[in-house]
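Please read the following briefing alongside the sequence and the coordinates. It takes up the pocket, the overall fold and the helix packing in turn.

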Amino acid sequence: GLAVLVVLLLYIWFITLGPWRSRGHTSDYYSRQTSAFLHGQLALMQKPDPALLALSNPYDHKARKNVPVLGDASLYHGKYYLYWGPLPSLLLALPASILPLNPGDQFFVYFFIIGLFLLQSLFFREILRQFFPDLPGWILPLGILLLGLTGPYTKMLTHPFIHEAAIAGGQLLFTAGLYAAFLALRSESIHAGRLL
């Protein structure tokens, strides 16, 4: 528990001291998609600049050099669409329909990374219990610290934009599926509910 607490406290430090704070913003693509969903549409509420739509080829980078364009979005039939997975926006839709919420993508990165770390810690504990029961007790907290503080997590927390949110969300869902499958298949009789 202490190893988990140390990592979670360090995550708070990383998310609050990242370089995005000096710029004063992060991306807010999931909130934009949530707003579109709440208005009953897939296209974003933000309209493309008329100068962009007036171009003969709005996809030509040279032609749109001085025209404002929403990056990381698709322009289709005069509307912007996002190609990031819709699940975070769908999860945000219910509370956003009640409360005036407009979180930046850093919140998604933060909570996805925490969820991923906690799942990986549980997974690591189960692997140790099942395959390495005779290892010394200090291996578990050391492994939890290594899981939480190595790899891309701390970098993603200091640069929490839509790319990091999508990657962390995908990793979280993949790890959740892998962990559930591991739990379902570890005994002789397969646990169908966990496998599902």
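By class, the lining of the largest pocket has 9 nonpolar, 3 polar and no charged residues, where Ala, Val, Leu, Ile, Met, Phe, Trp, Tyr, Cys and Pro count as nonpolar, Asp, Glu, Lys and Arg as charged, and the others, Gly among them, as polar. This is a predicted model, in which local features need pLDDT of at least 70 and side-chain atom pairs count only at pLDDT 80 or more, whereas totals for chains, interfaces and linings use all residues. Residues are numbered from 1 along each chain as its sequence is written, and side-chain values use heavy atoms, with hydrogens and water left out.

**Largest pocket**
- About 150 Å³ of space lies in the largest pocket, a pocket being an open set of points on a 1 Å grid over the protein atoms alone, where a 1.4 Å probe fits, with protein on both sides within 12 Å along at least five of seven lines; the volume is the space filled by probe spheres set on the points.
- Its lining residues, which have an atom within 4 Å of a point, include Y30, F112, G169 and L173.
- Two elements, α5 (87–98) and α9, each give two or more residues to this lining, and the largest share, 6 residues, comes from α9.

**Overall fold**
- The chain comes to 10 helices and 2 strands, assigned as DSSP runs (H or I, at least four residues, for helices; E, at least two, for strands) and numbered from the N terminus.
- The radius of gyration, taken over C-alpha atoms, is 21 Å, well over the 16 Å that the globule rule (2.2 Å times the number of residues to the power 0.38) gives for 196 residues, so the chain is more spread out than a compact globule.
- Along the principal axes, the C-alpha atoms fill a box of roughly 70 × 40 × 35 Å.

**Helix packing**
- The axes of α6 (residues 105–131) and α9 (residues 162–185) come within 8 Å and cross at roughly 25°, with axes fitted to C-alpha atoms over the stretch in contact and angles running from 0 to 180 degrees between N-to-C directions.
- Helices α6 and α9 are therefore roughly parallel (under 35 degrees), and the residues of their contact divide into 19 nonpolar, 6 polar and 3 charged.
- Helix α1 (residues 2–16) packs with α6 at about 165°, their axes 11 Å apart, and the two are therefore roughly antiparallel (over 145 degrees).

Note on methods. Angles under 35 degrees count as roughly parallel, over 145 as roughly antiparallel, 65 to 115 as roughly perpendicular and the rest as oblique.
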